[in-house]
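The sequence and the model come first.

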Amino acid sequence: MVRETSCRTLLEVRGLAKRFRADRPPVFSGIDLALGPGEYLAIMGESGVGKSTLLNLIAGLDRADAGAIRVGDIEVTALDDDAATLLRRQRMGFVFQAFHVLPYLTVAQNVALPLELLGVPRKESAARVAAMLTAVQLASDGGRYPRELSGGELQRVAIARALVHRPQVVLADEPTGNLDARSAAQVLALLREQVHAAGGAGILITHSLAAARTADRVLTLTAQGLEPLA
Amino acid sequence: MPRLRLWWQLWCSQWRAGPVRMAMPVVALALGVALASAVQLVNRSALAEFGQAARALSGDADLVVQGSADGFDERFFAAIARVPGVAVASPVLELRATLASRREPLHVVALDPFRAMQVQPALLGEIAGRLRGLLAPDGIFLSGQAASALGVETGAHLEVLVGSARRRLEMLGRLSGAAYPRALGIMDIAAAQWQFDRLGVITRIDVRVAREANPVAVRAAIARMLPPGVTIAAPEVDDARLASATRAYRVNLAMLALVAVLTGSFLVLATQTLSLLRRRSTLALLRALGMTRGALRRTLTAEGVVVGMIGAALGFAGGIALARWMLHVVAGDLGAGQLVSLSGSLAVRPADWAIFVLLGALVAGIAAWLPAREAAARPVAQALKAGDAGTAFAHARSPWIGGALIGLGVLLAVLPPLHGLPLFGYAAVATLLTGGVWLVPAAVGSLLARWPRPRRPVPALALAQLRGNSARAAIGFAAIIVSFSLMVAMAIMVHSFRESFIDWLERTLPADLQLRVGASDGTATLESAAQEALAQVAGVARAQFRRSRPLALPGGAASVQLIAVPIESGGVPDLTIVRSAPATAGVRAWISEAMVDLYRWQPGEHVTLPLGRGRGLAVTVAGVFRDYGRSTGSVIIPRSNYVAATGDTTANEAIFWLERGAHAATVVEAMRARLGLGAALQIRTTSEIRERSLRSFDRAFAITYALEAIAVFIGLLGVGVAAASTALARRGEFGMLRHVGMLRRQIVTMLAGEGLLTGVIGAGCALVLGGALSIVLVYVVNRQSFLWSIDLAVPWAQLGLLTAVLVAAAAAAALTGGRAAVGGGVIRAVREDW
Ligand SMILES: Nc1ncnc2c1ncn2[C@@H]1O[C@H](COP(=O)(O)OP(=O)(O)OP(=O)(O)O)[C@@H](O)[C@H]1O
Ligand SMILES: [Mg+2]
């Protein structure tokens, strides 16, 4: 596991632009962004403006047309698919709107997934999973299967999975889109708390102003770039 | 109606989304139906031809007095003609004339033309104007089939062999196919008796009963005056006799074709189940929007019915084409060598279409109804929630039912044949197979649960996925197990048969050369002088002459072969003896296994063999031997006893041991030159016969292999379908895994691993189940179908190879199915919320 403590910015985006089709205007261009340890940012914006696209670019899941993305000291745009995958494995965590908790694994096994991929020894992995489950208030639910859990609980499992390997960057795309207000609040509080506790950088994408306000900073994405919330 | 339109839209969208996946069950069903209908159509046209021929021969006869091929004294005819109530009695001499130019004998019916005109008007109508010609002492009319097979025209001469002598017959005319559809020669009875040295002998009397007479009384009156070995019956019995010889073989083929249909319908079940899993949120939505449970169930079943009807209609069209081809290329001989259709005409009735389309609709409807029932019963709220796919069908399989089915299968396997057919045996195979498949989820579940958890994350995930998605996994397993266990069973059965057959060939061919004169029921024989001459040919060290001829036993459907073989007193013939009786005095006879089944003869029993013309030979059954040459029964007696009983010193088979260094071809050449019997004389080296026999054995089983290969192909399609639809449904999962940092090749490896594990476990279960099924096939179905036993022999190498290919194919199918699902779009799949 690679870990840099010397680097002050964990995530840096410079002049990023993305265009899907040549005959259309770019989705966005000139995006600049920098996040340090423990910084938790919310991004809002109209539907279709490119919020998910931005996250995909940062994660190395899609190719940018212009600009640079650095995660720690690594230039994401220069990586091939395998290298980007390894980068995600080591330094990133994801929370999705649709949970994506594997139905055929137990809660604990789901949380352990990133550690398994990283080859963390089973003993250490078990300890970290247990700690993480306690942190998301599911300490006694490790042996349960996802079908027995509510949406809010599932999303807490997903948060545990996103943070268990102490990533430098946590990306959450509308994590509360499928949840009721109370579960949403609980999940958001947990996310914020855990991003801070882990000392990584976090980006929360949301349509809800209330949700966005749980972050340290709120930016709005437009075709021109990222702007502070008006 | 709007509901129908909505459904149509949804169904069409499924076709657009996965045309290959949706087409697979249609294709599989079509394949099965094509095979089943082709076998059925060919059988029927061949049988129809048999029937037509038999009807033409018996004509308007009400009763047929039938003797053995040796015939009986013609003075019985004069007596029967005088029986009150007999309107017409027509004497017939039926024989199989050995031709100098051909190996197969010609079926000759010799009649009294004026009497026969009143009994077989259709047969003789065409030559009525030329009856005078028929009375010529060397005249013969040929049916169209016979004339073209022999390549002769009216006016040509035909050489027949009688004993070792040649006689010339003149072809007087040709009958149309309408009068008689098969090969036949018609002669005047007096001319035939003279030409074939059968003076005073007839084999049959056709009787027409006067209108005012009581047929039962007439029959009883005639029966009272008949000599032993001569029977009287209504002519229908003849049809049955012709058809029954190949019945077991035909039923066997039909069963195989049905297996193909069933495997096809299993694929319908698999695709439909998977498609319901895939669509469960759509279905839940429809239920939420107000579609009743019953309506949902009916519509889903209707989907299967539509698939079944389309598949069956296409399959039947293919079946007609296939049947045409089979009639054209192999003359309708489906490998048994007996049931051959010569006219090559195919009668397709509209009712056949209806039957096969209904059959397809029925099996596919049932296959679709099973999952539809469960899909409709599922609670809507549960189905609307993602993640319940894995448990969807797990609860329905109680292992008790599977165990009960297997118990029932074992019970069915020990039941005796029904109407001489192993129908319970087939039922046992089907029941055992169903029971085995029923147990699949439970067995696989416990196997997977015990499977050690791999250290590495990717295989561990693959195992977890199989454990968790038991419904989908069970479909993949079942697809493999159904098709592969049948293949295994069939492979073991055929291999066992082949090994036993080779062993039998070795035993029955002890010498270097084998000689036959025409068919054993033909008119050509070797007289003592000819036998002497053959034994003296340079290079022959030892010669043994045999007399083989048909033996008509009362109560038998088809004739039994009697073979008189030189056996020293106290000696045992060269046979595979399966049972024997303690030594006894008197004439000993060895009987084939079929004799035990057909006539209930047992070792040690005393029986009398009717040798024709009232002569009987009392023998003691000394042993039972295996005879793969004839499934209608054969009896071997010492030739010395045969000669003593009949005075017949002729022979029609011989085997020769050659001197060391003698050249077989030269010896054969010399033998041919000595006898001048033309093509009727067949001399082959033992190795040649062995080779030919094995080749025709393999040809007979070629269609079996073809049907089986198709079943396995369908099974692999099932694996592919299961893998593809599983992978499709798991796109969200793959997308997440890619986010979490799983390499594309790791996902592909995981899928291949799942396929591999499915293949290994499926093949393992299939080997066990197939082994059990092969025991039923070898000891029950084969034994009851063909009336001979075979020893179980397992083709380990072949099974190993098949298993390896299957496991590799399963992994490849899972890979191809999954590969598409890991493509570029998978990243976006994390945002698809089912
Ligand atoms: N693979 C693609 N090909 C073409 N266009 C795409 C592709 N992916 C996204 N887009 C387009 O890019 C734009 C941004 O999409 P994106 O999913 O990033 O929006 P978003 O801001 O996340 O919206 P939402 O708030 O609804 O999730 C949209 O107009 C979308 O249609
Ligand atoms: Mg989005």
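## Salt bridges in chain A

D32(A) has a relative accessible area of 43% and is therefore partly exposed, a class that lies between buried (under 20% relative accessible area) and exposed (over 50%), computed with a 1.4 Å probe on the protein chains only. D32(A) forms a salt bridge with R14(A), and the closest N and O atoms are 3.8 Å apart. This pair links distant parts of the chain: D32(A) is in strand β2 (residues 28–35) of chain A, and R14(A), 18 residues apart from it, is in strand β1 (residues 11–18) of chain A. R14(A) also counts as partly exposed, at 40% relative accessibility. A network of salt bridges links E12(A), R14(A) and D32(A).

A salt bridge here is a side-chain nitrogen of Lys or Arg within 4 Å of a carboxyl oxygen of Asp or Glu. Helices (H or I, at least four residues) and strands (E, at least two) are DSSP runs numbered from the N terminus.

## Basis of the values

The model is predicted: local features need pLDDT of at least 70 and side-chain atom pairs count only at pLDDT 80 or more, while totals for chains, interfaces and linings use all residues. Residues are numbered from 1 along each chain as its sequence is written, chains are lettered from A and ligands numbered from 1 in the order in which they are written, and side-chain values use heavy atoms, with hydrogens and water left out.

## Salt bridges in chain B

Over all chains, a search of the whole structure finds 23 salt bridges. Side chains of opposite charge can pair when their charged atoms come close. In one of the salt bridges, the side chains of R204(B) and D206(B) meet at 2.8 Å, N to O. R204(B) counts as buried at 4% relative accessibility, and D206(B) counts as buried at 0%.

D597(B) forms a salt bridge with R783(B), where the closest N and O atoms are 2.8 Å apart. D597(B) lies in helix α21 (residues 593–599) of chain B and R783(B) in helix α26 (residues 744–786) of chain B, so the pair ties together parts that are 186 residues apart in sequence. D597(B) counts as partly exposed, at 24% relative accessibility. R783(B) is partly exposed too, with a relative accessible area of 23%.

## Chain B as a whole

Chain B contains 27 helices and 21 strands. It has 834 residues, of which 55% count as buried. Of the contacts in chain B (heavy atoms within 4.5 Å) between residues at least 6 apart in sequence, 80% join residues at least 24 apart.

Accessible areas come from the Shrake-Rupley method with a 1.4 Å probe; for residues, only the protein chains shown count as cover.

## Surface patch

L362(B), I366(B), W369(B) and L370(B) form a nonpolar patch on the surface, with about 370 Å² of accessible area together. Patches are made of residues with over 30% relative accessible area and no salt bridge; like charges are joined within 9 Å, and nonpolar side chains (Val, Leu, Ile, Met, Phe, Trp, Tyr) within 5 Å. L370(B) belongs to helix α14 (residues 350–377) of chain B and counts as partly exposed, at 35% relative accessibility. An α-helix has 3.6 residues a turn, so residues three or four places apart point the same way.

## Helix geometry

Helix α17 (residues 423–450) of chain B has 28 residues, which should span 40 Å at 1.5 Å a residue; its end C-alpha atoms are 39 Å apart, in agreement. The expected span is 1.5 Å times one less than the number of residues. α17(B) bends by about 45° at V440(B), and a proline, P441(B), follows within four residues. The bend is the angle between axes fitted to the seven residues ending at a position and the seven starting there.

In chain A, helix α1 (residues 51–58) is mostly covered, with 8 of its 8 residues buried. G60(A), whose phi is positive, near 75°, follows α1(A).

## Buried positions in chain B

L134(B) lies in helix α6 (residues 131–134) of chain B and is buried, with a relative accessible area of 1%. Not counting residues up to four places away in sequence, L134(B) touches P113(B), I127(B), F141(B), L172(B), I186(B), M187(B) and D188(B). The C-alpha atoms of L134(B) and L111(B) are separated by 9.7 Å, with the two residues 23 apart along the chain.

S496(B), in helix α19 (residues 470–508) of chain B, is buried with a relative accessible area of 0%. With residues up to four places away in sequence again left out, S496(B) touches V778(B), I790(B), D791(B), L792(B) and A793(B).
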